[in-house]
Amino acid sequence: MHKANQKKEVSDILTQYLVANSLRKTPERFAILDAIYDMHGPFTLEMLGEKLEKSNFRVSRATLYNTVKLFIKIRLVVRHRFIGQTKYEACYKKGSHVQQVCTVCGCVTELDSSPVEHAVENLKFKRFRKEGYSLYIYGVCSKCQSKITRRINKSRNGKV
């Protein structure tokens, strides 16, 4: 889906939700939504705040938090709880996630989820309609593994 079309769709979904629930259509909500859908991959609230500041749109941390919480409720954003940190991600038209998470540096990488999708598609659910899933595979990325290996080799060579 083209990014401009996607942004228009999510903006329309937000507008419909706000009108249906008698909530205010504030410029902050739409600016935050726009910034989120410009982000690439998972982000923290700090990263989102910095992005908004760069475009000269300042909002408080409380506004960011409450707005993102609203977006999670209406399924425009998904929250990921990684080791020691919480990240968020735009999720419209992306119901499924398979990600590898480095337990050393916290780097998160999206993986091809076709084999997992096939397995989940064939699961039999009782009295349950699935909407999506998140699968996190924890381990050590190659960059961190190289650092660890170098450190181990260095300490071995120093003791010999």
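Is Glu89 buried or exposed, and what is its relative accessible area? Glu89 is buried, at a relative accessible area of 3%, where buried means under 20%, exposed over 50% and partly exposed in between, with a 1.4 Å probe and protein chains only. Before we go on, please keep in mind that this is a predicted model, in which local features need pLDDT of at least 70 and side-chain atom pairs count only at pLDDT 80 or more, while totals for chains, interfaces and linings use all residues. Residues are numbered from 1 along each chain as its sequence is written, and side-chain values use heavy atoms, with hydrogens and water left out.

Glu89 sits in strand 2, residues 85–90. Strands (E, at least two residues) and helices (H or I, at least four) are DSSP runs numbered from the N terminus. The Glu89 side chain makes a polar contact of 2.9 Å with the side chain of His80. Such a contact is a pair of N or O atoms within 3.5 Å; within protein, one must be able to donate a hydrogen and the other to accept it, and residues adjacent in sequence count only if both atoms are side-chain atoms.

Now to the helices. The axes of helix 1 and helix 2 (residues 27–36) come within 10 Å and cross at roughly 150°; axes are lines fitted to C-alpha atoms, for helices over the stretch in contact, and angles run from 0 to 180 degrees between N-to-C directions. On the helix 1 side, Lys7, Val10, Ser11, Leu14, Thr15 and Leu18 meet Arg29, Phe30, Leu33 and Asp34 of helix 2, contact meaning heavy atoms within 4.5 Å.

Glu9 also belongs to helix 1, which spans residues 3–20, and is partly exposed at 27% relative accessibility. Its C-alpha atom is separated by 58 Å from that of Arg156, 147 residues apart along the chain.

Next, look at helix 3 (residues 45–54) and helix 4 (residues 61–73), whose axes come within 10 Å and cross at roughly 115°. Leu45, Glu46, Leu48, Gly49 and Leu52 of helix 3 meet Arg61, Leu64, Tyr65 and Val68 of helix 4.

Helix 4 also holds Thr67, a buried residue with a relative accessible area of 6%. A polar atom of the Thr67 side chain lies 2.7 Å from the backbone oxygen of Thr63. Beyond neighbours within four places in sequence, Thr67 is in contact with Arg29 and Ile32.
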